[in-house]
Amino acid sequence: MDKPYTLAIVGAGISALSALRAGLSSERTILLDYQENPGGFLRPALPAPGFEDYATLIQTSRLPGQLTACFNATAVGLAPAIDDGEPHTLLVRHRSGVERIRAYRLLLACGGLELTREQAQIPGSRPAGIMTPALAHQLLNRGYAPGQRIVVYGSSRYTLATARRLARAGLFVTLVHSPGLPDASILIDPSPSLNILPPAQLVSLAGFPRLERLTFSRTPGESFSLLADTLVYGTEMRANTGWLKSSGLALSEQGAIKVDQHYLTSVPGIYAIGTLVSPSLDHTDSLRMGREFAALFSEGSL
Amino acid sequence: MHHVDVLVIGGGVVGCAILRELSRYQASIALVECNPDIGEGTSKANSAIIHTGFDAPPGSLEARLLAEARVLWPSIIKDLHIPHLPTGALMLALTPEDLLTIENEILPRAALNGVALQRLAREEILESAPYVNPEVLGGVFVEGEGVIDPFWTTRAYCENALCNGASIFTGEKVREVCVEEQRVMVQTDVGRAFAASLVVNAAGLWSDEIARLAGDVSFTIRPRKGQFVIVKRNDGVGQIILPVPSKVSKGILVTPTVFGGVLLGPTAEDVDEKTDLATTAEGLRMIREGVQRYVPGMARAESIRQFAGLRAVGSENDYIIRPSTAGRRLLHVAGIRSTGLSASPALGRYVSRLVRDELGLSRRGDFQPELPAAPANAWQDAGEVVCLCHSITRGEVLAALHNPLPPGSLDGLKRRTGAMSGECQGNLCLPRILDLFRQELGYDPLVLPKHLPQSAPVTARLVDIAAQEG
C-alpha cells in the first residue's frame with residue numbers, strides 16, 4: 001500500500017482554496033474534488049456582483065506544486081483511524097475505479113447541497129422546470145435557457161446573482177424574496193430587467209408536465225399567484241454529509257459537522273471547514289474559515 | 001401496417017408482466033405505451049410492497065391472483081434479479097377495538113385467503129420492532145409481506161420480453177380502436193397502424209377510455225390518490241408497519257424500501273382528475289399524524305421527496321378481466337387498484353393463458369426466463385461519480401443507456417439507476433446526465449423529456465434567444 005499522505009483535503013471549493021491561498025501546506029498533501037475544476041458549486045455563477053473576493057481567489061489561485069490534485073475524484077466513504085498515530089482512510093471513486101487513500105490528517109471541505117423544493121416540502125405537482133440556482137447556472141453555461149418565464153425565490157446574494165444572470169440572458173425573471181432579512185447587497189442596484197417582489201412565503205406550485213403557476217402568501221389567509229414556467233428555488237444550504245453517515249463523525253440535527261474552535265471534529269486528526277460546518281448560501285464564512293484554518297495549521301496549534 | 005398476434009396497450013407493471021408471459025408463446029407480440037418511458041403511471045408511485053393479499057375480499061379474482069402470485073414471486077425475483085427485502089409486516093393494535101378487529105375480521109379473513117398470521121404480544125412486538133409506539137397493545141405478524149424495487153420489476157418484465165422477441169413502441173398514444181370479428185385495428189397518434197389478432201387493454205387509469213374508443217362503456221375507472229413522503233433516515237425500521245384498517249382505508253403505513261430510506265403513506269383520496277398528482281399540505285399533515293401514532297420517531301424525520309400516485313379503481317368490485325362488449329378480441333385487464341405490482345406474476349400468467357386459449361397459441365421451446373445477471377456488466381465499475389448523493393457512476397448511467405430497453409426520459413434513467421433521486425434531486429448531476437444522453441443516444445436536451453412529452457428541462461438555446469432580441 002502507498003505511503004499515507006500527511007494531509008488529505010476533501011473538496012476544492014471556496015473554503016479549501018481560501019485555506020490553500022492562506023498558505024495551508026503539508027509535506028504530502030492530496031486534494032480531491034467531485035468536479036472537473038476547483039472552485040465549488042458557486043463557480044458557474046461567476047462573475048457576479050457581491051462575489052469579487054471569490055472571483056479574485058479563483059483567478060489568482062495556484063495550487064501548490066507539492067500538492068497532488070485529483071479532480072473527478074469523489075470521496076464516497078471515510079473510515080477514521082482505529083488507533084492513535086494511524087492514518088485515516090478515505091474511499092475515493094474516480095474515472096478508473098475505487099481507491100483507498102490514507103492520510104494522517106483530513107480536512108473536510110466538501111461544502112453543501114442546496115435545499116430543494118422537495119426538502120422544503122412545498123406542496124403541488126412535480127413538473128419540469130423546478131431547480132436550484134446551481135442547476136440554472138450549469139444549464140446557462142451549456143448554452144440553454146432553463147425556461148422563459150422564471151421566478152427566482154430566495155434572499156441571498158447568490159440568489160440575486162442568479163436572477164440577474166437569467167435576466168441578462170434575455171429571460172423574463174421575477175425575484176421573490178423568501179421571508180427573513182434579505183442580504184444587504186440585494187437592496188442595491190436592482191437590474192432594470194428584473195422584477196423584485198417583497199418577501200412572501202411560497203406555499204404551493206401547480207402545472208404539469210411543465211410548471212405553470214406559483215402561489216405565495218404574505219399574511220395568513222391571503223395569497224397571490226405568479227405565472228411561471230420555471231422556479232429557481234434558492235433559499236438555504238445543507239451540509240454535504242450524506243457520505244459521512246457511517247463514519248462516526250458527530251453531526252448536528254441538520255446534518256452539519258460539529259467542530260470545536262480549532263475546526264476539529266469529534267475524531268482526532270479530522271477537521272472540517274466551510275459550508276460543511278456552517279451551512280449558508282453566502283460564501284464569506286467559507287473564505288474566513290479557510291484563512292483561519294490555514295493560520296492554525298501553520299502555527300502548529302492543531 | 002404492423003401485423004401482430006397480440007398487442008398490449010399500456011406499459012405499466014401489469015402490461016409488462018403480461019408481455020413477458022406472452023413471450024413464452026409462438027406469437028408476434030408488441031406493446032404500445034403513450035409515455036416516453038414505461039412505468040410512468042401507477043407503477044412508479046406506490047408503496048412498493050409485495051402484498052400477500054391476506055386482507056383481500058375472499059373468493060375474488062384479486063384474492064385468487066394474489067395467492068397465486070405468492071408462489072410465483074421467488075422465481076421471478078431470482079430470474080429478473082429484482083432487489084427485494086422479505087421484511088414481513090406488523091399490524092399494530094393501539095386500542096382494545098383494534099384488538100377486536102384483528103380477532104373478528106383480520107384473522108378470519110386471512111385464514112380464508114390462506115395466509116397464516118402470527119399473533120404477537122406487546123413484549124414480542126417491542127422486542128422485534130423497538131422503534132414502534134411503546135403504547136402498542138398487541139398485533140399480528142404477516143410473514144410473507146415484503147418490499148421490492150417496483151421500477152426494476154416493470155423494466156425487467158419488459159426487457160425480458162424484448163429479449164424473447166417482443167417489440168415495444170413508446171411515446172405513442174392510442175387514438176382509435178376498432179374491434180372486428182377476427183382482429184382489432186389500432187391507430188396511434190403518430191400515425192402507426194396495428195392489425196392485431198387480439199388486443200390486451202392494460203392501460204391502467206385510462207383503460208376505460210381505451211374501451212370507449214372501441215365503443216365499450218361497460219366500466220369506468222376512478223382515480224384514487226395516494227400521497228407519500230420519502231425519508232432518508234431509517235431508524236432501524238425493519239418491518240412494514242400497518243395500522244389496523246378502517247372501513248375506508250388501510251391507513252398510513254411505515255414501509256422500509258430497498259433503496260435504504262423509509263416510505264410514509266399513503267393517503268387514500270378519491271379525486272376527479274386522472275392527472276392530479278399533486279401533493280397537498282393537508283395530505284402531508286395526515287401522513288405525519290398517522291405515522292406519529294405508530295412510529296413516533298419517524299413522524300418528524302426530514303423528507304427528501306414527496307409524491308402522489310393514482311390507483312385505478314374500477315366500477316366493479318373486483319379486477320375487470322374479461323373480453324370487451326365490443327368483441328372477444330379486445331381483452332380488458334382493468335381496475336387493478338393498488339395490487340397490480342403484488343399480483344403481476346399471476347396477472348401475467350392468467351391473462352396470457354386467456355389469450356392462448358382464445359388464439360390457440362402454443363409454447364415455444366426457446367423462451368429464456370432469465371435476464372443476464374445485471375451487475376456483472378463491465379460498465380458498472382467504470383467511471384467517476386456522476387450522482388453525488390448516491391455515488392452513482394458514469395459507468396452505471398452508461399449501462400442503463402445501453403440497455404435493451406433504454407430510458408426514454410430523465411425520470412426513466414432515475415428509475416433505472418437511482419441517479420437524481422437523492423437529497424439534491426438531480427440539481428448537481430442533471431447537466432452531466434444531459435451530456436451523456438446526447439453523447440450516447442443522440443438526444444437533444446430541448447426534446448429529452450423529464451417524464452411526459454413536453455417536459456424537457458430546458459426550453460431554448462441561448463443563441464436563439466439572443467438572435468431574436470438582437
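Mentor: A:Gly111 counts as buried because 26 C-beta neighbours lie inside 10 Å; a residue is buried if 20 or more other C-beta atoms lie within 10 Å of its own, exposed if 12 or fewer, and partly exposed in between, with C-beta atoms placed from the backbone. Keep in mind that this is a predicted model, where local features need pLDDT of at least 70, side-chain atom pairs count only at pLDDT 80 or more, and totals for chains, interfaces and linings use all residues. Residues are numbered from 1 along each chain as its sequence is written, while chains are lettered from A and ligands numbered from 1 in the order in which they are written.

Where does A:Gly111 sit along chain A? A:Gly111 is in the loop that links strand 6 (97-108) to strand 7 (112-114); strands are DSSP runs of E, at least two residues, and helices are runs of H or I, at least four, numbered from the N terminus.

Now look at who surrounds this glycine. Leaving out residues up to four places away in sequence, A:Gly111 touches A:Gly11, A:Gly13, A:Gly40, A:Phe41, A:Asn240, A:Gly274, A:Thr275 and A:Leu276. Here a contact means that two C-beta atoms, placed from the backbone, lie within 7 Å. For A:Ser26, 85 residues from A:Gly111 in sequence, the C-alpha to C-alpha distance to A:Gly111 is 22 Å.

Along its principal axes, the C-alpha trace of chain B spans about 65 × 60 × 45 Å.
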